[in-house]
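Hi there,

Here is the structure I promised to hand over. Have a look at it first, and then read on for what turned up.

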Amino acid sequence: MPSPVQGTQTIQVVRTIPQHTYDFDPDPGLQDIAQVYAKALGNIQRFAYLENQYLWLRAFIGVDLPLMGSDSPDMETNLRTLGAALLRGAFASIILPDHPNVGRAFSDAGLQRLHAEAPRAFEEGRFEAFCLGSSGQIDGKTHYRPIYVHAKVAIIDDLWSTVGSANLNNRGMRDDIQAPTRCLLKS
């Protein structure tokens, strides 16, 4: 065995494994990623940065009408917890794709839910949502080109961060197998 590395950071590897996926699963599967997001969002004191492909309150069923999807309890918790941090005076920024491959209305509904949770944060500019894009000249005209956001990144108060494969939706939190996600806690 190599000798332990000395340092002040703690790394945690978490994953999502849906119920009934493998014989060795504990019932009801593993929702480690949902648990660390809920805990991290609940610990926000000053600032949260989120970059993700989706921000879905409900489960996408193939039609881009958010009222048709079933509830996602993990995302309900995440949005309520982020809204509570905004109510306490925290700032938050999220980067989402302008034209996701599916579910734009679902991400818009997630943003509307946050607005309903903490309208004052929006009014005061303490919550901002961004899409990435570039522009180029074609035949003398400027054309907007969206940059697709596929990252799954979060930073909370410069004390906790994660990079992984879990989208902020029902699939990333509970319903799909997600590769291990690395979380760093700065002490």
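A word on naming before we start: helices (H or I, at least four residues) and strands (E, at least two) are DSSP runs, numbered from the N terminus. This is a predicted model, in which local features need pLDDT of at least 70 and side-chain atom pairs count only at pLDDT 80 or more, while totals for chains, interfaces and linings use all residues. Residues are numbered from 1 along each chain as its sequence is written, and side-chain values use heavy atoms, with hydrogens and water left out.

Let's begin with glutamate 76, which sits in helix α2. Glutamate 76 has a relative accessible area of 23%, so it counts as partly exposed (buried is under 20% relative accessible area, exposed is over 50%, and partly exposed is in between, with a 1.4 Å probe and protein chains only). Setting aside neighbours within four places in sequence, its contacts (heavy atoms within 4.5 Å) are Leu57 and Arg113. Leucine 57 is 19 residues away from glutamate 76 in sequence, yet their C-alpha atoms are 6.0 Å apart in space.

Next comes helix α3. Its 14 residues (residues 104–117) should span 20 Å at 1.5 Å a residue, and its end C-alpha atoms are 20 Å apart, which agrees; the expected span is 1.5 Å times one less than the number of residues. Phe106, Ser107, Ala109, Gly110, Leu111 and Leu114 are the buried residues here. They pack against α2 (73–87), β4 (91–95), α4 (119–123) and β5 (127–130).

Then there is glutamine 53, in the loop between β3 (47–51) and α2. Is glutamine 53 buried or exposed? Its relative accessibility is 5%, so it counts as buried. Its side chain makes polar contacts with the side chains of asparagine 101 (3.4 Å) and lysine 152 (3.2 Å). A polar contact is a pair of N or O atoms within 3.5 Å; within protein, one must be able to donate a hydrogen and the other to accept it, and residues adjacent in sequence count only if both atoms are side-chain atoms.

Finally, the largest nonpolar core has 32 residues, and Ile44, Leu55, Leu82 and Met173 have the most contacts inside it. α1 (32–42) gives the most to this core, with six residues. Such a core is a set of buried Ala, Val, Leu, Ile, Met, Phe, Trp, Tyr and Cys residues joined through side-chain atoms within 4.5 Å. Not counting residues up to four places away in sequence, methionine 173 touches several residues, including Ile33, Tyr37, Met75 and Leu168.

Enjoy exploring!
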